[in-house]
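Visitor: I'm new to this one. Could you show it to me and walk me through it?

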Amino acid sequence: MNVIDAIKERYAVRNYQTKDVEEDKLKRVLGAARWAPSAYNRQEWRFVIVRDSSTRQKLTKTAHGQEFVGQAPVVIAACATDTSRIMPCGQVAYPIELAIAIDHMTLKAVEEGLGSCWIGDFEEDEVKKILDIPDQIRVVILLPLGYPVQAVSPSLPKKRKKLNEIVTYDKWR
Ligand SMILES: Cc1cc2nc3c(=O)[nH]c(=O)nc-3n(C[C@H](O)[C@H](O)[C@H](O)COP(=O)(O)O)c2cc1C
């Protein structure tokens, strides 16, 4: 699959089949995160994979009852293991690094016939308690992963700004 096809086909899947995700497929999705770039190639990330049904239900509660989170057969808690790095440009590195790794997974998931949804609406402290994640670690995103009920986004065409609304050449205009 072409990268641009995966980018266009990916959508926020909020309805999953009960069918389990094969371990080899999951490994390939996780492998895509592994290849993500990071500042100084630090790779300060850890991904906690949750397949257990009752744990997924607990995670759903931390996500303010977004039922589809636990409906997915796999939930990935994407964590940053070092949050201290501030780049010379002033930006904190870890949310950027984790976002790249997570995006790689969402795109690889599409190629594998799977769907996912970025979840930022969750209570981090509760997730940490459920998954025994140490205090100094940050949980950046929860990512439910599974076979989508609908292969294609139910809300097409996708709403995106036009290129000329987000790009200027040579100077800010
Ligand atoms: C950082 C981030 C956090 C998000 N958090 C949630 C969330 O908590 N719940 C949810 O249903 N969707 C969440 N989304 C999904 C967005 O709503 C969705 O990606 C956006 O509306 C564009 O739709 P599309 O992904 O189908 O193209 C999140 C997306 C991003 C990138």
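Visitor: Let's start with the sheet: in what order do the four strands stand?
Guide: The four strands make an open sheet with antiparallel pairing. Strands here are DSSP runs of E with at least two residues, helices are runs of H or I with at least four, both numbered from the N terminus, and two strands pair if DSSP finds at least two bridges between them. The order is β1-β2-β4-β3.

Visitor: Before we go on, what kind of model is this?
Guide: Residues are numbered from 1 along each chain as its sequence is written, and side-chain values use heavy atoms, without hydrogens and water. Local features need pLDDT of at least 70, side-chain atom pairs count only at pLDDT 80 or more, and totals for chains, interfaces and linings use all residues, as this is a predicted model.

Visitor: Which strands stand at the edges?
Guide: An edge strand has a single partner, so one side of it is left without a neighbour in the sheet. That describes β1 (45-50) and β3 (115-116).

Visitor: How many bridges pair β2 and β4?
Guide: β2 covers residues 74-80 and β4 covers residues 138-146. A78 stands opposite I141 in β4. The two strands pair in the antiparallel sense, and the bridges number seven.

Visitor: At what angle does α6 run to β4?
Guide: Helix α6 (residues 124-131) lies across β1, β2 and β4. Axes are lines fitted to C-alpha atoms, for helices over the stretch in contact (heavy atoms within 4.5 Å), and angles run from 0 to 180 degrees between N-to-C directions. For α6 and β4 that gives about 70°.

Visitor: Which side chain makes a polar contact with that of R42?
Guide: R42 sits in the loop between α2 (23-34) and β1. Leaving aside neighbours within four places in sequence, R42 touches D82, R85, A93 and E97. A polar contact is a pair of N or O atoms within 3.5 Å; within protein, one must be able to donate a hydrogen and the other to accept it, and residues adjacent in sequence count only if both atoms are side-chain atoms. At 2.8 Å, the partner is E97.
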